[in-house]
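Please take them in order.

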Number of protein chains: 2
Amino acid sequence: MNRHDFEALDAHDPLRALKKQFVLPPGIIYLDGNSLGAQPFVTAERVRAVVEDEWGSGLIKSWNDAGWIDLPHRIGDKIGRLIGARPGEVVVADSTSLNAYKVLVAALAEVRERDPARRVIVSERSNFPTDLYIAQSVAQQHGCELRLVDAPENIPAALDASTAVLMLTEVNYRTGALHDMRELTADAHAAGAVVIWDLCHSAGAVEVDLHGADADFAIGCGYKYLNGGPGAPAFVWVHPRHVERFEQPLSGWLGHDAPFEFTPDYRPAAGVARYVCGTPAIISMAALECGVDTLLSAEPFGGMKALRAKSLQLTERFAALAESRCGSLGVRVVSPREPSRRGSQVCLALDAPLQEAGYAVVQALIARGVIGDFRAGDPGRLDAVPHILRFGFTPLYIGFSEVWDAVEQLHQVLSTEEWRAPRFALKGAVT
Amino acid sequence: MNRHDFEALDAHDPLRALKKQFVLPPGIIYLDGNSLGAQPFVTAERVRAVVEDEWGSGLIKSWNDAGWIDLPHRIGDKIGRLIGARPGEVVVADSTSLNAYKVLVAALAEVRERDPARRVIVSERSNFPTDLYIAQSVAQQHGCELRLVDAPENIPAALDASTAVLMLTEVNYRTGALHDMRELTADAHAAGAVVIWDLCHSAGAVEVDLHGADADFAIGCGYKYLNGGPGAPAFVWVHPRHVERFEQPLSGWLGHDAPFEFTPDYRPAAGVARYVCGTPAIISMAALECGVDTLLSAEPFGGMKALRAKSLQLTERFAALAESRCGSLGVRVVSPREPSRRGSQVCLALDAPLQEAGYAVVQALIARGVIGDFRAGDPGRLDAVPHILRFGFTPLYIGFSEVWDAVEQLHQVLSTEEWRAPRFALKGAVT
């Protein structure tokens, strides 16, 4: 195949028109939407209206007149359509870390009420660190234990009568590996535990069916595939069978049953509304809604099912091309090749003698306009946990021509060895 | 005195020019800056630049290139200048409710390490409910007790050898009453407890000197007198003597000592940086910085000292005028008249037979362009806790002429009894 074949794939892609919704700087191939999604054109005008019209002119009245007070629920319902949740089951609030804290404490309380001996939270050592940090804090405060599994295939065996909660991120942030949500949820339930799914790298990227998987709790962020803007607020979903049973600990006034009664005693709101805590950051919330709307714009074209199908084509072609074009230059695909095991990103590693070159190669690619990112490996054992060149493929705005061009640029960076230029060398800590 | 005298006060007010920084709709007298501050003109352009230039064009690189990663600290330092904190002692993060949770757990851990018998959190029944709700949650999880004091003068007597933490809001959200931070902090320390000060109605409104008062912890919001926009992120300060001693429980990845090492174990960042939790909502943070800058623009004119002096003049004149012009119509001033006991707001109540008319009177005032708000009293004992008509005076953008005009409008609403029109009546719950 050649570039014309990839152009032809674009020409026949019914989702191609959706790209027009996004601001993408000329000359840039943006393969980092798994870290920060691109900006929808409508966001600028919407944010302007919130700042100038709703805040500037409407002032305090906009809490009601412009519907600010409803945003956590209105945007939550829209996100729910992307992840297999029903209306009224999702709210937007705070950050992923904070929502992890809320659901973990609630989940522990629920399981331990029926079986106080269950005191273990099971997760993966390779989970995104913030989930682990929060779990460590919760475990310490509640006399529980966080047990980390090294390999995904060992998760089922780690679940036993001591397990209270299984807490996993569906798509691994480093490798792009995708868990089987349905199977692992069933394993956890069979062991008497409940499951928290972190959807940070799933929402808007893969098909998620929370009810279909019979999941218990889910959290996720708004600034990756949901295109909500830097640090966009996060979301939280709780299965109806759990939601009324426990209060979450971050009991802010907007999760109260009647916040404007200003009563001194906390009385949790019905349903998932109790997972709202303090006053939400409205300007960032408004931007998030614009991002979520870009995903919903795919509904007439098949929605998440069609986006997922395209995503798998993009990532498979990138992986295959990277291997065929750059394999002899030391490039190896780290992400699973089996479609059902892969999220919407492809991670590459470099074999010896280039195993330390990853950072510089990513910098050289960025200088050529191909934006991916670098995630450091384990310095002590780069064979097992290599440095990773990470490329996210957002099917809403990435096309097949860009897949071709990105691999071509990678080939040039490696074949010319331009990554060896001092300006691409790692200086100080990676940030 | 007449309106000309008030105009003359404006003409001689050196702070008057600062009002030009704000968007204020024509025909509106905005006395609700204690709930949502007005919009600075520069905010619109700054937010546009963040959305279109930094996010849209800069994409992921803006975390470093545009300094997003530094915003919690950069804005924190600016807020520090308004509240008597030193550089590096304040961070912007999350909401007031969440910061209350962080400091309360940390404070309890610290006190109880030296004296496990201290298990009481003392606060006021009239504190803003979110502080009480968070304290209830923390008390329940940590086997502690929340003890609420009914009258401010009884706070010192409530402090004893069982007290771990005194948690107060410096300016009462309903009445505008101002605590003596220095005295109550000394009382708490003498009893062996530590103090958390909620500065939501103080920062940018009254002179706060955290070090001068020898305070322990402080929190506050960004959307009232700091003019940061709806739901602007909040701030947290921890005295250096406490900050390294305990981890706060909401241990998100951006409070880690080296977040981009992505290590599985939490290691708190040095100093107050550990009070950052998840990824901050950057667009709302940028708006907050514009708001804080409007306060700093007063520094050449005397800063918070000058703003406080003007605020006291505004509130005293409003209170005096409301009494002299509207006292015979049933208006009574609820906020303290003693300047050292009053924040930057004046609350009015209506005497019998109008004690139930407050909501309608506020609505009628709003219809005339005077925006204040209504806070319901205790239906069972309106004599002790009356309905309140609440008026905030932001010295940056409120002038003396507006004080005159607001009272004049109140006089007309009451003397004409236009508040009795059905369109002003309370329908359903107050929101």
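1. In this predicted model, the crossing of α2(B) and α10(B) is right-handed. The two helices, which span residues 41-57 and residues 282-296 of chain B, pack at an angle of about 150 degrees, and their axes lie 9 Å apart. An angle over 145 degrees counts as roughly antiparallel, and α2(B) and α10(B) are therefore roughly antiparallel to each other.

2. Which residues make the contact between these two helices? From α2(B) come B:Val42, B:Thr43, B:Arg46, B:Val47, B:Val50 and B:Val51, and they meet B:Ile282, B:Ile283, B:Ala286, B:Ala287 and B:Cys290 in α10(B). Sorted by class, the contact of α2(B) with α10(B) has nine nonpolar residues, one polar residue and one charged residue.

3. A further helix pair joins the two chains, for α10(A) and α10(B) pack at an angle of about 145 degrees with their axes 7 Å apart, and their crossing is right-handed. Here A:Ile283, A:Ser284 and A:Ala287 meet B:Ile283, B:Ser284 and B:Ala287, a contact that divides into four nonpolar and two polar residues, with no charged ones.

4. Turning to the whole interface, 70 residues of chain A are in contact with 70 residues of chain B. On the side of chain A that touches chain B, the elements giving two or more residues are α2, α5, α6, α10 and β14 of chain A, and the largest share, nine residues, comes from α2(A). By class, the residues on this side of chain A divide into 40 nonpolar, 23 polar and seven charged.

5. The largest nonpolar core holds 301 residues, and of these A:Leu104 and B:Leu104 touch the most other members. Leaving aside residues up to four places away in sequence, A:Leu104 touches A:Ile134, A:Ala135, A:Val138, A:Val165, A:Met167 and A:Ile196.

6. Why is helix α12 of chain B, residues 358-367, described as largely enclosed by the rest of the structure? Seven of its ten residues are buried, so α12(B) is largely enclosed; the buried ones are B:Gly358, B:Tyr359, B:Ala360, B:Val361, B:Val362, B:Ala364 and B:Leu365. These buried residues pack against β12, β13, β14, β15 and α13 of chain B. Following α12(B) is B:Gly369, whose phi is positive, near 95 degrees.

Definitions and conventions:
Residues numbered from 1 in each chain as written. Chains lettered and ligands numbered in written order. Predicted model: local features only at pLDDT ≥ 70, side-chain atom pairs only at ≥ 80, totals over all residues. Axes fitted to C-alpha atoms, helices over the stretch in contact; angles between N-to-C directions. Parallel < 35°, antiparallel > 145°, perpendicular 65-115°, else oblique. Left-handed = near helix turned anticlockwise from the far one by under 90°. Contact = placed C-beta atoms within 7 Å. Nonpolar A, V, L, I, M, F, W, Y, C, P; charged D, E, K, R; others polar. Core = buried A, V, L, I, M, F, W, Y, C linked by C-beta atoms within 7 Å. Buried ≥ 20, exposed ≤ 12 C-beta atoms within 10 Å, placed from the backbone.
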